Amino acid sequence: PIGQVDKKLAGYIQENFKPAVIVINKWDLARDRASSEDYHKYIEKSFPGMLAVAPIAFTTATDSRNLQTVIDTAQSLFNQAQQRVTTGRLNRVLRGALDEQAPPPGRHGRPKIFYATQVSTRPPTIVIFCNHPGSFPAHYRRYLLRRLRDALSFKEIPIRLYFRPRTKPKAGEGPAIDLAKQGLDRDDEAI
């Protein structure tokens, strides 16, 4: 059974946006009592919302069964976490998501997304510039994350998503994005 230590570790992984592979060892001993599909459901129930996209691997270490699969999966997660998406592609995906389902109106009217850009990798970090960041409800942010995950190469890794107000640059300055000055790590909500 999954214990408190496992749940604390999963919480740490989620809070720090770390890619993870859930490895079920000694599967040969449990195979007769439950199917892999049953165990998938058990893990989803035990970690609600946590590690939602983490792949699950079933191994038997004594027979070295599926160990190479775990290594290959970990390598795939590492490669996904290093991917960069162009601003144009990212904005086309967002435009499609907005066309399919517009954000619900908030207290400032209907929230508007101006553009988005990927500012970092490991984990992929995307900043969405909009008119009122607080006007996007949690369910809509999750919807955007699902759409990004489905359309981009981040299928099995966490994505850090920030909503920032669009600010006009001062005269003579370009639209530089400085995460440290904008305080993204401290003040903004990441999903």
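The legends below describe close-up views of a predicted model.

**View 1. Helix α5 and its buried face.** Helix α5 covers residues 87-100, and its 14 residues should span 20 Å at 1.5 Å a residue; the C-alpha atoms at its ends are 20 Å apart, in agreement with that expectation. Leu90, Val93, Leu94, Ala97 and Leu98 are the buried residues of α5. Looking down the axis of α5, these buried residues fall within an arc of 135°, so they line one face of the helix. That buried set packs against β3 (113-120), β4 (125-130) and α6 (138-151). Arg92, Asp99 and Glu100 are exposed on the other side of α5.

**View 2. Helix α4 and its cover.** The 15 residues of helix α4 (residues 67-81) should span 21 Å at 1.5 Å a residue, and the distance of 21 Å between the end C-alpha atoms agrees. Its buried residues are Val70, Thr73, Leu77, Gln80 and Ala81. Seen down the axis of α4, the buried residues fall within an arc of 95°, so they line one face of the helix. Strands β1 (22-24) and β2 (56-58) are included in what covers the buried residues of α4.

**View 3. The largest nonpolar core.** In soluble globular proteins, nonpolar side chains tend to be buried together. Here the largest nonpolar core has 25 residues, of which Ile126, Ile128, Leu144 and Leu148 touch the most other members. At least two residues of this core come from each of α4, α5, β3, β4, α6 and β5 (160-165). Leaving out residues up to four places away in sequence, Ile128 touches Leu94, Ile113, Tyr115, Ala116, Leu144, Leu161, Tyr162, Phe163 and Arg164. A second, separate core holds 12 residues, including Ile2, Ala20, Phe47 and Ala54.

**View 4. Leu51 and its surroundings.** Leu51 sits in the loop between α3 (36-46) and β2. Its relative accessible area is 17%, and Leu51 is therefore buried, the limit being under 20%. Apart from neighbours within four places in sequence, Leu51 is in contact with Ala10, Ile13, Gln14, Ala20 and Ile22. Leu51 and Pro19 are 32 residues apart in sequence, yet their C-alpha atoms are 8.5 Å apart in space.

**View 5. A polar contact at Thr117.** Thr117 belongs to strand β3. With a relative accessibility of 11%, Thr117 counts as buried. The side chain of Thr117 makes a polar contact of 3.1 Å with the side chain of Thr87.

**View 6. The salt bridge between Arg147 and Glu100.** The structure holds 3 salt bridges. In the one shown here, the side chains of Arg147 and Glu100 meet at 2.9 Å, N to O. This pair links distant parts of the chain, with Arg147 in helix α6 and Glu100 in helix α5, 47 residues apart. Arg147 is partly exposed, at a relative accessible area of 22%, whereas Glu100 counts as exposed at 59% relative accessibility.

View 7. Lys41 forms a salt bridge with Glu37, and the closest N and O atoms are 3.7 Å apart. Both residues, Lys41 and Glu37, lie in helix α3, 4 residues apart, or about one turn of the helix. Glu37 is exposed, with a relative accessible area of 52%. Asp63 and Arg65 meet through their side chains in another salt bridge, at 3.3 Å from N to O. Asp63 is partly exposed, with a relative accessible area of 44%, and Arg65 is partly exposed, with a value of 36%.

**View 8. Backbone geometry in two loops.** The peptide bond from Arg122 to Pro123 is cis, with omega near 5°. Pro123 is placed in the loop between β3 and β4, and Arg122 lies in the loop between β3 and β4 as well. Phi of Arg122 is near 50°, which is a positive value in a residue other than glycine. Arg122 counts as exposed, at 53% relative accessibility. Phe17 lies in the loop between α1 (4-15) and β1. Its phi is near 55°, again a positive value in a residue other than glycine. Phe17 counts as buried, at 11% relative accessibility.

How values were computed. Residues are numbered from 1 along each chain as its sequence is written. This is a predicted model: local features need pLDDT of at least 70, side-chain atom pairs count only at pLDDT 80 or more; totals for chains, interfaces and linings use all residues. Side-chain values use heavy atoms; hydrogens and water are left out. The expected span of a helix is 1.5 Å times one less than its number of residues. Buried means under 20% relative accessible area, exposed over 50%, partly exposed in between (1.4 Å probe, protein chains only). The arc is that of the directions from the helix axis to the C-beta atoms. Contact means heavy atoms within 4.5 Å. A polar contact is a pair of N or O atoms within 3.5 Å; within protein, one must be able to donate a hydrogen and the other to accept it, and residues adjacent in sequence count only if both atoms are side-chain atoms. A salt bridge is a side-chain nitrogen of Lys or Arg within 4 Å of a carboxyl oxygen of Asp or Glu. A nonpolar core is a set of buried Ala, Val, Leu, Ile, Met, Phe, Trp, Tyr and Cys residues joined through side-chain atoms within 4.5 Å.
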